[in-house]
Amino acid sequence: MLTKAQKKQHIDKSAEMVKGSKTLVFADFTGVDTASIRRIKIEAKKVGASFKVFKKRLLNITLKEMGVAFDPLQFKTQVGTFFIPEDLSSIAATIHKFAKELARTKKNFIVLGAYDLANKQAVSVEEFAVIAKLPGREVLLSMVISGITGPLRAFMYMLGELAKKASASADKAPVASVPAPVESSAETSVVPASEAVHPPTGGAPAVEPAPASQ
């Protein structure tokens with residue numbers, strides 16, 4: 001039995017851990033060996049989370065005081081809590097994988113529910129399973145970035161191909177011919193200056209000017 005002072009310490013400690021979390025996950029670990037619990041604690045620590053067991057009655061007091069709509073007293077089994085500083089996606093897959101591995105060895109580690117403290121919203125077991133099966137955050141970010149840059153790369157490639165085709169067409173276009181300057185032909189007849197001034201013999205007589213009147 002815990003003393004009154006010890007109970008207060010447990011409540012204060014659990015309240016402190018809730019305040020430092022964005023998400024809570026509750027799990028039944030009945031029948032799970034100590035080595036396995038130690039392993040999931042190590043896995044949780046990798047993402048900054050922690051797995052802690054508080055007495056259900058004391059945990060219930062803390063959750064009510066913090067406005068968390070989850071009653072651990074509804075379960076007859078032992079209840080452990082993951083205190084997670086990030087959103088559920090940061091650890092859901094790890095917990096889900098751990099539970100599946102233990103199930104193969106006839107040891108049950110069952111998720112009972114979760115709570116999103118940031119949005120003050122309960123997360124059902126079914127919703128948890130869906131989130132756990134999604135790709136990790138980094139994978140999702142990579143997919144988003146790829147989805148953005150993929151069309152851009154395709155567009156740039158298309159522009160490059162169009163530029164190549166335009167350049168090739170310009171190289172094949174015929175060059176317009178420039179007309180050569182007109183040169184005097186050797187056969188072109190040149191009229192002598194003397195003939196230009198004096199008409200040829202046999203033509204009409206030249207009219208002489210009338211004498212000026214005296």
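Lys46 counts as exposed, at 61% relative accessibility, where exposed means over 50% relative accessible area, buried under 20% and partly exposed in between, with a 1.4 Å probe and protein chains only. Its side chain meets that of Glu43 in a salt bridge, 3.2 Å from N to O; the term stands for a side-chain nitrogen of Lys or Arg within 4 Å of a carboxyl oxygen of Asp or Glu. Glu43 counts as partly exposed, at 28% relative accessibility. The model is predicted, so local features need pLDDT of at least 70 and side-chain atom pairs count only at pLDDT 80 or more, while totals for chains, interfaces and linings use all residues. Residues are numbered from 1 along each chain as its sequence is written, and side-chain values use heavy atoms, with hydrogens and water left out.

The structure holds four salt bridges. Side chains of opposite charge can pair when their charged atoms come close. Another of these bridges joins Asp12 to Lys8, with the closest N and O atoms 2.9 Å apart. Both residues lie in helix H1 (residues 4–19), four residues apart, or about one turn of the helix. Helices (H or I, at least four residues) and strands (E, at least two) are DSSP runs, numbered from the N terminus. An α-helix has 3.6 residues a turn, so residues three or four places apart point the same way. Lys8 is exposed, with a relative accessible area of 52%, and Asp12 is partly exposed, with 41%.

Asp33 and Lys107 also form a salt bridge, in which the closest N and O atoms are 2.6 Å apart. Asp33 lies in the loop between E1 and H2 and Lys107 in the loop between H4 and E4, so the pair ties together parts that are 74 residues apart in sequence. Both count as partly exposed: Asp33 at 24% relative accessibility and Lys107 at 27%.

Next comes the sheet. Five strands form an open sheet in the order E2-E3-E1-E4-E5, with antiparallel pairing; two strands pair if DSSP finds at least two bridges between them. Strand E2 (50–52) and E5 stand at the edges with a single partner strand each, so one side of each is left without a neighbour in the sheet. From one strand to the next, the twist averages 20°. Strands of a sheet pair through backbone hydrogen bonds, either parallel or antiparallel.

A contact here means heavy atoms within 4.5 Å; axes are lines fitted to C-alpha atoms, for helices over the stretch in contact, and angles run from 0 to 180 degrees between N-to-C directions.

E1 and E4 run antiparallel and are joined by six bridges, with Ala27 opposite Val111 in E4. Six of the seven residues of E4 are buried, so this strand is largely enclosed by the rest of the structure. Three bridges join E4 to strand E5 (residues 121–123), again antiparallel, and the bridge partner of Asp116 in E5 is Gln121. E4 and E5 form a hairpin with four residues between them, and Lys120 in the turn has a positive phi of about 50°.

Ile91 touches Ala44, Val47, Ala49, Phe82 and Ile84, not counting residues up to four places away in sequence. Gly67 follows H3 and has a positive phi, near 75°.
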